[in-house]
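Trainee: Please give me a close look at a single part of this model, and then show me how it sits among the rest.

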Amino acid sequence: MEGKAKKNYLVFARKYRPQRFEEIIGQEHIARSLRNAISNRRIAHAYLFAGARGIGKTSTARILAKALNCLNGPTPDPCQKCVFCREITQGISMDVIEIDAASNRGIEEIRSLRENVKFAPAQGRFKIYIVDEVHMLTPEAFNALLKTLEEPPGHIKFIFATTQPERIPTTILSRCQRFDFRRISTQKIVEQLERISREEKVEVEEGALFAIARFAEGSMRDAESILDQVVSFGEGKIKEEDVHLLLGTIGQDCLFEFTQTIVEKEIEKGLSILDRIIKEGKEIEQFMKELSEHFRNLIIAKEGLFNLIELSEERKSGIVEQSKRFSLSELFYILTAISHTRQMIRTCLDKRVWLEFFFLKMVNRDSFLSLEEILKRLRTLKGEEGAGGDKEKVSEEKEREVKKDEIKKDKDCFLGELKEIWKECVEDVGKERMSLATFLEKGKLLSVEGSKAKIGFPADFSFYYQNLQREENRRIVEKVISRRLNREAKVEFLLMEEKESSKSESLPSSVKKAMEIFGGKILK
Ligand SMILES: [Zn+2]
């Protein structure tokens, strides 16, 4: 059986390998760019094809090689008939050298590459090196390659393919034209598998094709090889079950059935399904993975986004029906529980216990859900309280800020006002008592505090300060200011510290800063 499968696999892989740009599935953007480049004769020296395995990188490389070396080329539509095209299709062209960088031989080939690139192609237009898994090259091999890439002979073309472009040195990357290959959609893979089944005249259930395509996760080559194996080992019409048996997957029937036991709260039936899965030797992780996808589909269906469900039409309508049995919050609750259970299963030894615990919790979801609901409400209530308190705090603080601002404004206003009329005040004081004006002139209006103005005197003028400090003199000053401002004002005279005095004003700012920091004083 295995021998047959292997033979079939080879046949399928070769038989359905795309031979022209139009046949490349799922990479239309790349095929278009390459066709245009060839039509416009803008062919790069080196290409990098990056992307997951089995999505058409090597096939595209061979088609590109054909397009370059076809007798009628370079042409976006290689004839497929000339000797060059045929040899490339058969993989026997002397001028298209395929190197597997992951193999020992590959590394040797790269080593000898520097010598070999000097020679002109045997027959074709170009000598084309297709290097697969190029990220596997050793640093020495990359160096050898780089030397060739730096000064590529005109007859040499490189096509590198890799699943891990991040492992390629930037010196190489910068010399390549890069194309990123996409994973192929489940739908497109199913279509291709249908085509192959038709050609091969084998009957395959649609569900089986979807099961294969989903399992392949975007890789056409994987999907084709699975189909190969299923075809070689099945008899008659191939059913979805056959695929699940081969792949160890759970399958839609089982997922629907199990989910239904959650809907109906059928504990015994649900537990027996789980028992069956385990007895069949299926992995609990695989089951939970597929169950997760199933509930994801149910949510998507609930949201009405049917085209995002990668299932056959028949299954899709089944999903829509089943989704009606759950509320959206139930679905979210279950999906969250699945995610949590998957984490537990990954790390715990008692996988079965966690699986059954999950099921029982889902069956009893009403009590858990209402408990969650109560907790949520409690949290919301608490949150509201907290938020309310915060809000109050914030507004209080804001109010204080405003008040502070207002006071500051007032202060600024008073100080400003006073500064404006200060000269007149001094003159007025002089009219009252000449000597006082002389004293006051040396003072500096420092700040205001309430209705009190603070006037500072340099230490040198302590005599003036002391004079003004006297009750009757201070009263005169206050009277004059009050009259000028048309409201009551007080004054306070201060003897200023050394650093505040005019002496420090002439100092460089750096010294002032240092004095501020160290609290220093200038010595006379
Ligand atoms: Zn040709």
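Mentor: Happy to. Of the 524 residues in the protein chain, 43% are buried, where buried means under 20% relative accessible area, exposed over 50%, and partly exposed in between (1.4 Å probe, protein chains only). This is a predicted model, in which local features need pLDDT of at least 70 and side-chain atom pairs count only at pLDDT 80 or more, while totals for chains, interfaces and linings use all residues. Residues are numbered from 1 along each chain as its sequence is written, and side-chain values use heavy atoms, with hydrogens and water left out.

The protein chain holds 23 helices and 8 strands; these are DSSP runs numbered from the N terminus, with helices (H or I) of at least four residues and strands (E) of at least two. Among the contacts with a separation of 6 or more, 71% join residues 24 or more positions apart, a contact being heavy atoms within 4.5 Å.

Let's zoom in on helix α13, residues 267-279. The expected span here is 1.5 Å times one less than the number of residues.

Which residues of α13 are buried? They are G270, I273, L274 and I277. These four cover an arc of only 95° around the axis, so they lie on the same side of α13; the arc is taken from the directions from the helix axis to the C-beta atoms. Their packing partners are α12 (252-264), α14 (284-302) and α17 (351-363). On the other side of α13, E268 and K279 are exposed. Just after α13, G281 takes a positive phi of about 80°.

Helix α13 also has a charged link to one of those partners. R276 forms a salt bridge with E257, with the closest N and O atoms 3.5 Å apart; a salt bridge is a side-chain nitrogen of Lys or Arg within 4 Å of a carboxyl oxygen of Asp or Glu. R276 lies in α13 and E257 in α12, so this pair ties together parts 19 residues apart in sequence. R276 is partly exposed at 35% relative accessible area, and E257 counts as partly exposed at 29%. E257 and R276 also belong to a network of salt bridges with E280 and K282.

Now for the wider setting. The whole structure has 37 salt bridges. One of them joins K188 and E28, with closest N and O atoms 3.7 Å apart. K188 is in helix α8 (residues 186-200) and E28 in helix α2 (residues 28-39), so that pair ties together parts 160 residues apart in sequence. Another pairs R53 with D222 at 2.9 Å between the closest N and O atoms. R53 sits in the loop between β1 (46-50) and α3 (57-69) and D222 in helix α10 (residues 220-233), so here the parts tied together are 169 residues apart in sequence.

Finally, the surface: the protein chain exposes about 29,600 Å², with carbon and sulfur atoms supplying 51% of it. Accessible areas come from the Shrake-Rupley method with a 1.4 Å probe; for residues, only the protein chains shown count as cover.
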